[in-house]
2 protein chains.
Amino acid sequence: MLTLTTPIEMQRPPVLRFGAGTLSSFAGWVADSGFKAPFVIADSVNAARLELLGLGDVRCFGDVVPEPDIPNLNAAVIAAKGADLIIGFGGGSAMDLAKLVAVLAGQDMAFGDISGPHRAPARTVGLVQIPTTAGTGSEVGTRALVTDPETMNKVATESLNMLADVAIIDPDLTVSMPAFVTAATGVDAMAHCTEAYTSKRSHPIIDAYALQGIELVGKYLRRAVDDGSDVEARNGLALASLYGGVCLGPVNTTSGHAVSYPLGTRHKIAHGIANALIFPHTLAANAASVPEKTAKICAALGFEAGSDQAVLAGARAFCEGLGLDMSLRAYGVPEDDLAAMASEAHAIRRLLDWNPVDLSVADIEAIYKAAY
Amino acid sequence: MLTLTTPIEMQRPPVLRFGAGTLSSFAGWVADSGFKAPFVIADSVNAARLELLGLGDVRCFGDVVPEPDIPNLNAAVIAAKGADLIIGFGGGSAMDLAKLVAVLAGQDMAFGDISGPHRAPARTVGLVQIPTTAGTGSEVGTRALVTDPETMNKVATESLNMLADVAIIDPDLTVSMPAFVTAATGVDAMAHCTEAYTSKRSHPIIDAYALQGIELVGKYLRRAVDDGSDVEARNGLALASLYGGVCLGPVNTTSGHAVSYPLGTRHKIAHGIANALIFPHTLAANAASVPEKTAKICAALGFEAGSDQAVLAGARAFCEGLGLDMSLRAYGVPEDDLAAMASEAHAIRRLLDWNPVDLSVADIEAIYKAAY
């Protein structure tokens, strides 16, 4: 845990437009900024509603897949040739690919030349992020994750050059999300906040965003799941997602995300679901080392902390209350893969090194078994 | 009072470096960014310690005056000819002038061509803000105030083009501030937060920054006044100042600043002192219309709200506890100017229109008399 006197660098798009209806300002911004060749990076769902952007017949790569891999990125880069403005329009996958496409556009470089920290070149094109889910917070960040199909690892690339010029966070775009996706993405936002809040490198400045984000999820996620048209709840979750994104930059996640990654990379479980499956277990595993913060997290989500078992049960009940099936088995994970998954998760040192307690391979395998 | 569902635009430099010692990274940033001709805008105190910037023999306009006027700006613009990076190094006056110099640099334009909202052209030079006080929050904003000597009014100019590329907030720079300046600037930061928090257009997203800023001032200002070398307190106040700056953009101040402006423009009372002199009176005048928020402000500053008179007495005692003389008389304001001052303050509609209660010219004159 860091203190107020520990220096911190905070990066965020210089302009955030937040609120229902703010997307209507986008076409004017594109025109005022002088961009002539906007290009959209989207998943198939959002590629089918490009008219919402107000840009007329805009070019688009609409084949972003969940948990995108390097070939998916490469296809997007080729499609975007000639663009002067890249627009990420979707969830974390689309926005992450948009960041990478934006720094690769107009450069004679491949992903391998820019992957990792601080290698991406200055952008020659503009970048706008427009989230359509409320979960990843990718719209305010400098980081993108793509899976290397050879190793099955998520490769994190990070650069200030991947920061958007503008993020437009219009919660109206999230109203059409099914309850299941609302629940999963909302848990993802909460997990970003929770893990940053309890990280070894948590910082009081970021803690304030984290706790607000968790409180927003506690207040609004169930409401949005129960009634997708609840605009106030959709606003609250969009803000929680943004705050989760703010937490990712200087602090980042820890064990919750590390332990859930193999569920995505190896078994194609959606990122938010994977986080929900693991979250109660890592919250409980960390509770003894960060008791005060764990108590605040539990209170914000509407249950009392108490023993590790109480934390686990409360967090599990919170997720089940959102309609999520909380067993790995239900998502088709083969039981004989748990040991390999644990080894893979344990190797994600960039996250696990900051977890408040050290988790061994055996600890992680025990979590998978308990979650099975 | 706005709600979470009211759209909001938030602008902030994409990079904030916050914390003691962060200034040491500045020279490297200048070199990495390829700037060849940095130019510093500073008051005389900071112009005498340019070596802290680590830029060697850097060019500087070191004649920024408190409450700068248009001639002061014009002199800075002429001096900065040929610069490719403008560095604001000082309090709000230096940083405000730096914003204006940065948008005027390389343009065939005068202040009259860019003053007011959204007229400043795109910058052709870089802009970095390095605050040396903890009060104005100017480092994170898009607004600059200069006094028109003909009308004695403060002219507000605002543009996204006036936003810094990087703000470096190094509380070590504030350690040498005398107790008197520490107190005055700390009250200014608190006033930004308080007035935004109680504004008619207060917004829940900004309220969270405002209340944190007030709490930080309540916790740390007296400590920093009593012991200027208290690094934790200096960090806390630097953060409060930054949060105050965040409040200014989308919400801004109300009656506290409007009523205090004539003290600066007509009688050269330092901005923070002027705010302190007026703050207890406007807090009390507004209390009945925003009772819950007033109670939170008072609690954050360490006293109980109660009646309007109790609010006034508590806020006054808070300021006196910082060593500030709280009578207009003590600062040489002539009593026969109060009526003219009230007319002038009342005309500042861009602020007063958002005050939670309507204050007449007579109300404002009564405040001056009570503060006399």
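This is a predicted model: local features need pLDDT of at least 70, side-chain atom pairs count only at pLDDT 80 or more; totals for chains, interfaces and linings use all residues.
Select Asn252(B), which lies in the loop between α8 (231–248) and α9 of chain B. The phi angle of Asn252(B) is near 80°, a positive value in a residue other than glycine. Is Asn252(B) buried or exposed? Its relative accessibility is 7%, so Asn252(B) counts as buried, the cut-off being under 20% relative accessible area.

Next, select Lys268(B), in the loop between α9 and α10 (271–287) of chain B. Lys268(B) also has a positive phi, near 55°, and is likewise a residue other than glycine. Its relative accessible area is 61%, and Lys268(B) is therefore exposed.

Now display helix α9 (residues 255–267) of chain B together with helix α6 (residues 179–197) of chain B; their axes come within 9 Å and cross at roughly 135°. That angle makes α6(B) oblique to α9(B). To see where the two helices meet, show the side chains of Asp188(B), Ala191(B), His192(B) and Glu195(B) in α6(B), which are in contact with Ser255(B), Gly256(B) and His257(B) in α9(B).

Select helix α3 (residues 70–79) and helix α4 (residues 92–104) of chain B, whose axes come within 9 Å and cross at roughly 50°. Consequently, α3(B) is oblique to α4(B). The crossing of α3(B) past α4(B) is right-handed. On the α3(B) side the contacting residues are Asn72(B), Leu73(B), Ala76(B) and Val77(B); on the α4(B) side they are Leu97(B), Leu100(B), Val101(B) and Leu104(B).

Which residues have the most contacts inside the largest nonpolar core? They are Tyr368(A) and Tyr368(B), in a core of 164 residues. Centre the view on Tyr368(B) and leave aside residues up to four places away in sequence: Tyr368(B) touches Val259(B), Pro262(B), Ile278(B), Leu328(B), Leu338(B), Met341(B), Ala342(B) and Ala345(B).

Finally, show both chains. A rotation of 180° with 0.0 Å of shift along its axis superposes chain A on chain B, with an RMSD of 0.0 Å. This is the relation of a two-fold axis. To locate the axis from chain A, select Pro14(A), whose C-alpha is the nearest to the axis in that chain, at 2.4 Å.

Terms used
Residues are numbered from 1 along each chain as its sequence is written. Chains are lettered from A and ligands numbered from 1 in the order in which they are written. Side-chain values use heavy atoms; hydrogens and water are left out. Copies are superposed by least squares on the C-alpha atoms of residues with pLDDT of at least 70 in both. A nonpolar core is a set of buried Ala, Val, Leu, Ile, Met, Phe, Trp, Tyr and Cys residues joined through side-chain atoms within 4.5 Å. Buried means under 20% relative accessible area, exposed over 50%, partly exposed in between (1.4 Å probe, protein chains only). Contact means heavy atoms within 4.5 Å. Axes are lines fitted to C-alpha atoms, for helices over the stretch in contact, and angles run from 0 to 180 degrees between N-to-C directions. Helices (H or I, at least four residues) and strands (E, at least two) are DSSP runs, numbered from the N terminus. Angles under 35 degrees count as roughly parallel, over 145 as roughly antiparallel, 65 to 115 as roughly perpendicular and the rest as oblique. A crossing is left-handed if the near helix is turned anticlockwise from the far one by less than a right angle, and right-handed if clockwise.
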